[in-house]
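Please read it with the coordinates open.

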Amino acid sequence: MPVIIPVTTGGKPAKPARMRYISTRAVAPGVDFKGALLAGLAGDGGLYVPQTIPHFSPAAIAALAGLSYPELALEIMMPFVGDSFRRADMKRMIDTAYANFRHAAIAPLTQLAADHFLLELFHGPTLAFKDFALQLVGQLLEAALPEGERAVVLGATSGDTGSAAMAGCMGRANLDIVILYPEGRTSEVQRRQMTTLHAANIHALAVDGTFDDCQDMVKALFADAEFRAGTPLLAVNSINFARVLAQIVYYFYAALRLGAPAREVSFSVPTGNFGDIYAGYLARAMGLPIGKLIIASNANDILARCVETGAYHRTGVTPTLSPSMDIEISSNFERLLFDLFDRDGAALGRAMAEFRATGTLTLTPAQHADFTALFAAHRVDDAATLAIIKRTYETTGTLLDPHTAVGVAATKALKPTGLTVTLATAHPAKFPEAVNRATGLTPPLPAHLADLYDRAEHFTPMERDLPALKAYIRGL
């Protein structure tokens, strides 16, 4: 497990410590925050994780109560940033990131029952939780590049990451952004949010395949040292630790408003790529009193099955009403596995190679016990998703998108002790067909997207062909 570094109020380590990031495969050299930000994926194919975890005592957590969302974000992030960015520059970028959210609270809580709350994470410009990280990461990447250098931001999306990343990078002078998405496997709103952005540095590629195909192509390019030597690449998927870092903040924000540190809170997280719930895992390691972290899965339930059996086993991707979770391999799970393997990168590297070869990685009984001590899981099919959207609207007047509905259904099924917060990861208007099937209502798009269906679309079809992707990027 990582070493814990105490943090006092003001976001400063109690003793001098330089924040370093190490690879989950333990071959690539350690880097600082800026190095992890710019590299995305480590050179050995692993993911960067903090070598040490900043830890807030109950008194330090209590001192954070009452801060605005941007103020809290600065205190949570600075111990991870170290000396890579000045505090004043981080404050400016954080303030800019959240200035255009449509709710004054940034991440408001809505009560569904006496012991159950929604954390609304869809008030950003693209109506999804990805805005919390990507409105900031675009600025961080631009600021981290050496003066005069231009780079390509490359990412894959199952729906929401693409538009949020594009919105965060649009018009930035030293960045092109290329996003791969699975053709026909996103909602129409999700697709149009990517294909109707007409800035010269925005490039949407419609891939004939699944999200996992898109993600594999992106990972292959990041692992191609020769290609990267000629074409600087920056990561925008949650393989980039900066994405995870920004998401830690809203766990603290919700828990503080519900009585932390005196009160423990569980969280239910609609989960596909494991990045969002891994942020909750880090929040817990930092001292936030979190009970269970609930992995809420749709039919693509590799993580839920791993909780149940200890076997992480590929079975293919099934299209569902919650397409952002239609993922077979949860990339960020490797970060948790690193801790379950006692940070033995060589052993984890062998296990991941076996998983790639056989489609199965089996936890030891001790590893499985550690996993289930922190995480619970529940699988929700499409019928149950529609039923919970309908029931929640009838009993509370709240419309849920299908991903949030999976999280609410998991909370109701598992009934964790005490208070539970379900992360509401997307606005219902992003998935009007599913909401209409469940309730007969079609949620309207907010005013800034009201003409989305009238905007011209621009995208490039792309086969599952790595040389073709390389040629496209070189031609930018």
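1. Helix α11 gives the largest share of the lining of the largest cavity, 3 residues; the elements that contribute two or more residues to this lining are α6 (160-169), α10 (241-257), β11 (265-270) and α11 (275-285). This is a predicted model, in which local features need pLDDT of at least 70 and side-chain atom pairs count only at pLDDT 80 or more, while totals for chains, interfaces and linings use all residues. Residues are numbered from 1 along each chain as its sequence is written, and side-chain values use heavy atoms, with hydrogens and water left out.

2. The largest cavity has a volume of about 310 Å³, and the structure holds 4 cavities of 30 Å³ or more. A cavity here is a set of points, on a 1 Å grid over the protein atoms alone, where a 1.4 Å probe fits but cannot get out, and lining residues have an atom within 4 Å of a point; points are joined across faces, edges and corners, and the volume is the space filled by probe spheres set on them.

3. The lining of the largest cavity comprises 28 residues, of which Phe129, Lys130, Gly272, Asn273 and Ser324 lie nearest its centre. By class, this lining has 10 nonpolar, 14 polar and 4 charged residues, where Ala, Val, Leu, Ile, Met, Phe, Trp, Tyr, Cys and Pro count as nonpolar, Asp, Glu, Lys and Arg as charged, and the others, Gly among them, as polar.

4. An open sheet of 6 strands has the order β5-β6-β16-β11-β12-β15, with mixed pairing. Since β5 (109-113) and β15 (375-379) stand at the edges with a single partner strand each, one side of each is left without a neighbour in the sheet. Strands are DSSP runs of E with at least two residues, and helices are runs of H or I with at least four, numbered from the N terminus; two strands pair if DSSP finds at least two bridges between them.

5. Within that sheet, β11 and β16 (residues 419-424) run parallel and are joined by 4 bridges, with Phe267 opposite Val421 in β16.

6. A second open sheet, of 5 strands in the order β10-β7-β8-β9-β17, has parallel pairing; its edge strands, β10 (233-235) and β17 (460-462), each pair on one side only. Strands β7 (residues 151-156) and β8 (residues 175-182) share 6 bridges, and Leu154 has Val178 in β8 as its bridge partner.

Note on methods. On a 1 Å grid over the protein atoms alone, a cavity is a set of points where a 1.4 Å probe fits but cannot get out, and a pocket is an open set with protein on both sides within 12 Å along at least five of seven lines; lining residues have an atom within 4 Å of a point.
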